[in-house]
Amino acid sequence: MSVELVMPRAGLTMVEGTISAWTVPEGAAVKKGDAIMEFENEKNTIEFACTHDGYLHITAQEGDVVAVGAPIGYVAESQAEYQALCGGAAPAASPAETAPPRSSGAAADCTELVMPRAGLTMVEGTISAWTVPEGAAVKKGDAIMEFENEKNTIEFTCTHDGYLHITAQEGDVVAVGAPIGYVAATQAAYDALCGSPDSAPAAHPAAAPAEVPAAAPAESQPVPAAAGGRVRITGLARKMAKQHQIPLAALRGTGPNGRIIAQDVKDYLEAAAKQPVPVSAAEPAPQAAVDEVKQIPLTGIRRAIAKNMYGSLQEMAQCTAAVEVDVTDLLAYRQKLVDDQDFLGCKVTVNDLLSMATVKMLKKHPMANATFDGKTISVHSSVNLSIAVAAEAGLMVPVVKGADRMGLVELHQAMKDLADRARDKRLRDGDQTGGTFTVSNVGMFPIDWSTPIINPPQVAILGFGRSVKKMAVVNDEPKIRSMMNMFLTFDHRVFDGLEVGRILADMKTLVENPELITL
Amino acid sequence: MQTTYLQAVGAALQEEMRRDDKVLIFGEDVAEFGNIFGVTRGMLEEFGPQRVRNTSISETAIIGTALGAAVTGLRPVAELMYADFTMVAFSEIFHCVAKWRFMHGEAYKVPLVIRCAMGSSFGAGAEHSNCVESLFMHAPGLTIISPTTPYDAKGLLKSAIRSDNPVLFCEHKQLYQTKGEVPDGDYTIPIGVADVKRPGTDVTVVAVGLMVRRALEAAELLQKEGISVEVIDPRTLVPFDKETVFQSLRKTHHVVVAEESNKTAGIGAELAAMIQEEMYDELDGPIGRVAALDIPIPYNIALEKYVIPDAGRIAEAVRAQLARNC
Amino acid sequence: MQYTAEFLKGVYRDLLSVRLFEEKQVEIYALGKVPGHIHSGIGEEATYAGVLATRKPGDYFKITHRPVGASRILGTPLETMFGELMGRSTGNARGLGGVLHMVSRENGMVGFSGTLGCDIAVADGAALSIQMAGTDNVSYVFYGDGTSSRGPVHEAMNLAAIWKLPVLFICNNNQFAISTAASYGVPVANPGADRAAAYGMPARTADATDALAVYDAAKELVDGIRAGSGPAVLDCKCYRWRGHFEGDQAKYRDPAVTEEWRKKDCVAIMEARLQEWNVLTAEEIQRIRDEINSEMDQAIAFAEASPEPTVEDLYRNLYAD
């Protein structure tokens, strides 16, 4: 008989252990109590004492992270059993992954159209517009619809000739591979298709249930008739107003801070009782301006941004640190480069210099030029600098690949090209992937600092605020200097304040000594 | 019969000791000296040195001994002299006494009472003037009683001694010499039942300990201004009689909590949070809190009076409840 | 031979019960079957087996966090112990108290606390009950060398001494307070006995690798207490074989010293002596071991099959009705 060895629980807080080393080889004869392996928990390196006598078969290897109670190997009672254990390999091969046969099902005269996958990360698309009407005669290759994925607006080209029946409407979010409509080969087939009550082609009896049409937004709910702003009202007064169906806007608050209190409701009722026309439930009370609510479904790029930003904050231990730096010299240096623009062939921006400084810094701090998947930190030798671009359609983050191999002019050109295309929705697949670190410059706005959100799987993002002239102390003298904040959000799971301190110190040195940036 | 609060506490002890020979009292200076305030005077003579015992100055041992005695069948009443000294045995009370039955199971009963004298007055200074109820409201497993009249003190102490659960019984030093009507003979007051000390219609004041008296004075003042105040004395802080407070609130829609301990994280903080959670729609304004300033109690008597709320401060808080910006 | 064979067999069985319980505890903890943390008392069993051999009905007991298996000597059913240890509803506190509270009130156990030292005076209280009842019973209170420096221990000793309470204070000196050696943390050689004079209490020291030596010393003190002479202190010196908690590698101490102490195994010493005295044969010893182990395996299976406590259980014991 063989006995399973499991990762032991060694301490209150231990939930998993990492195998540091097996101190005896595979197949070795072992005894109960022998130290045969060393593992690390969150605090210590600990010896694993064998629990039985026999021959060791190792299943979890050095470096493996194993949950407490999960197997790490076996002790076979005899040599023969050990052989059987090793020969048998993994117990009972897992059932072959055979996909269930999928009936093509498509009737000869009807073809389903589905949301296409357009890009590596696309899982769903939002229908922006159908460019041909329901029932139109369409041809294979015609652009008949536009949809948005998380990055771009894309044309959908028809896959067959025939008559179009639309099932997914504008604004609908449809999963990749899910139906958006049908092309009927003939007018008769089209009529049959539309005639059937459930709109699904008769030839598709066993097809997956048609996507439930997204529920039409409910009739806009009556909202409290308080035009603009919050109503200050006590719990009791609100309850009373509701009981008497008095719109809150009709009440005058006489409590502290203008709060509506119970007495105000009583006063209102008393006054109303004296009015010639009594207030009744049937006749609505004096109406305040009705607040109109426009409902905007979360689609496409907005949806992708929402998901990424929320996911980022959910999954990481984000922390932001900031430093104020003196950019007087940087601005002067930039002006000098602008004066030399004919020679350089381009007009260098402050952002170019800050990005260049960031690249310099990252070469010195590779832990920040990294990605983290929750298990392994991947430190990248090449700097692929993601630049946050505020486009009207939403935030775009194109990537300057190999930024560390570029000179200032080259970097300027690469960044300008990407930013222009991002604003014009002309980014290509791959333009926004592979980044190792992000810079976000909000200095064009009156923003001094923010707490930027990390672009996963990256581990940090550096932001730059606006530069402002301020009184600063230079050599114990008050001087007017241009000051700017830099703020670094980092994933505290990956590195700590010590590293952040050093990063910001180096950035400060670079920015305050701009000649170092282009050195 | 008119009796002082101090005599009422003593009478409860005496009657319970006569009724049940498992009841015994021990603590610092409770025997010959009869407790520093005179609560247990004469008891050594009546019950003898086995049942009325002085201890060494050993608060942790007093509490631990009471726990062991209770678990093995006695009904000890342990005295800690000043309520401030509960801190010296905080772990024994918080970890051991309060949790003992929870940690060891239903075979364990902890019928013990910890008596202590609490509260400000007389310039006793920062270490001999504290009210401690709010600190122990954080210890599930304890019962906390804070009586304010001779009648309540006697009836509740008897219930505490007869309870199978550990009770922290907080007697107010400033109340010891106050008088009130106490009937002759045996009676008890159920634990966990609040008392409406004065009925009213405009604002509810939930007052604890000495503040009950101050709230009654405030109510008298406000009556002249046409404001009718209902004063509720919870008497028992744990378990807390919510329903009496809620009933009052359904009538007045305004509530002020008055206590003698520090405002931050005090009884008022807890009650205000609880009331707004459960009774939001009955409130016609924010809950008022009157409490001691967040400062140690000063030795100087004028400043001590300033730190502890008086009737005027309670009245102010009540007026603020009804204020309008017309 | 001054002991009867029955007596020796009883002491041995107690000793072995604690040893095997402590080993089993380590085993199932490693398998993730036990919440929280445990503190193995392997190597320290003789203190309990020796002292508790002096007990009689009506006595009270306050044990400590190491070895919790001592609860077995006092008669706590294994099902209750493993139920509590594994956090199940069949434990004495329905799995809500845990490893530091495996007790049985019906066997005189007054409970014990994980806040070491805060529970010492609980034994004074039990002794007060004895004194009030006027019997010759004893309240036994166990604590360790680490706890011996806590104030509440001294307050409890002081009060027991002035009230002449029938308490036996037993300091189980396993020489370590987590990583701090008693030689550093305690200014005297015997953390219990050397401090007894401060309270005018008689004291003895005992070699706690030998259950019978412990018994002899305890007997002398207990006889005095039962005769009404007031509290006393027994100091039992042994050695903590494992770390403070599971996962503590005890790298702060010299493994050679540990090895030396492991050679002075109180169970092996007792077994050798019983065979030499023809009280038990090797086969009988093996049979007793198998018997205890099998009882424990059954109790573990019972606990594992027991339901988890419910939310209702959570509130059930907070207050008595």
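Two residues are in contact if their C-beta atoms, placed from the backbone, lie within 7 Å. Keep that in mind for this predicted model, where local features need pLDDT of at least 70, side-chain atom pairs count only at pLDDT 80 or more, and totals for chains, interfaces and linings use all residues. Residues are numbered from 1 along each chain as its sequence is written, while chains are lettered from A and ligands numbered from 1 in the order in which they are written.

**Helix α1 of chain B**

- Helices (H or I, at least four residues) and strands (E, at least two) are DSSP runs, numbered from the N terminus.
- Helix α1 of chain B covers residues 5–19, which makes 15 residues.
- From first C-alpha to last, α1(B) reaches 21 Å, close to the 21 Å expected at 1.5 Å a residue; that expected span is 1.5 Å times one less than the number of residues.
- A residue is buried if 20 or more other C-beta atoms lie within 10 Å of its own, exposed if 12 or fewer, and partly exposed in between, with C-beta atoms placed from the backbone.
- The buried residues of α1(B) include B:Leu6, B:Val9, B:Leu13 and B:Glu16.
- Those buried residues pack against β1 (2–4), β2 (23–27), α2 (43–47), β4 (75–82), α7 (150–162) and β7 (167–172) of chain B.

**Chain C on its own**

- Chain C has 13 helices and seven strands, and 59% of its 321 residues count as buried.
- Look at its contacts between residues at least 6 apart in sequence: 74% of them join residues at least 24 apart.

**Nonpolar cores**

- A nonpolar core is a set of buried Ala, Val, Leu, Ile, Met, Phe, Trp, Tyr and Cys residues joined through C-beta atoms within 7 Å.
- The largest one holds 216 residues, and C:Leu15, C:Leu168 and B:Leu67 are among those that touch the most other members.
- Within chain C, helix α1 (residues 5–30) gives the most to this core, with eleven residues.
- A second, separate core has 54 residues, including A:Met356 and A:Ile503.

**Where chain C meets its neighbours**

- On the chain B side, 37 residues of chain C are in contact with 34 residues of chain B.
- The largest share of that side of chain C, ten residues, comes from α5(C).
- By type, this side of chain C divides into 20 nonpolar, eleven polar and six charged residues; Ala, Val, Leu, Ile, Met, Phe, Trp, Tyr, Cys and Pro count as nonpolar, Asp, Glu, Lys and Arg as charged, and the others, Gly among them, as polar.
- On the chain A side, ten residues of chain C are in contact with twelve residues of chain A.
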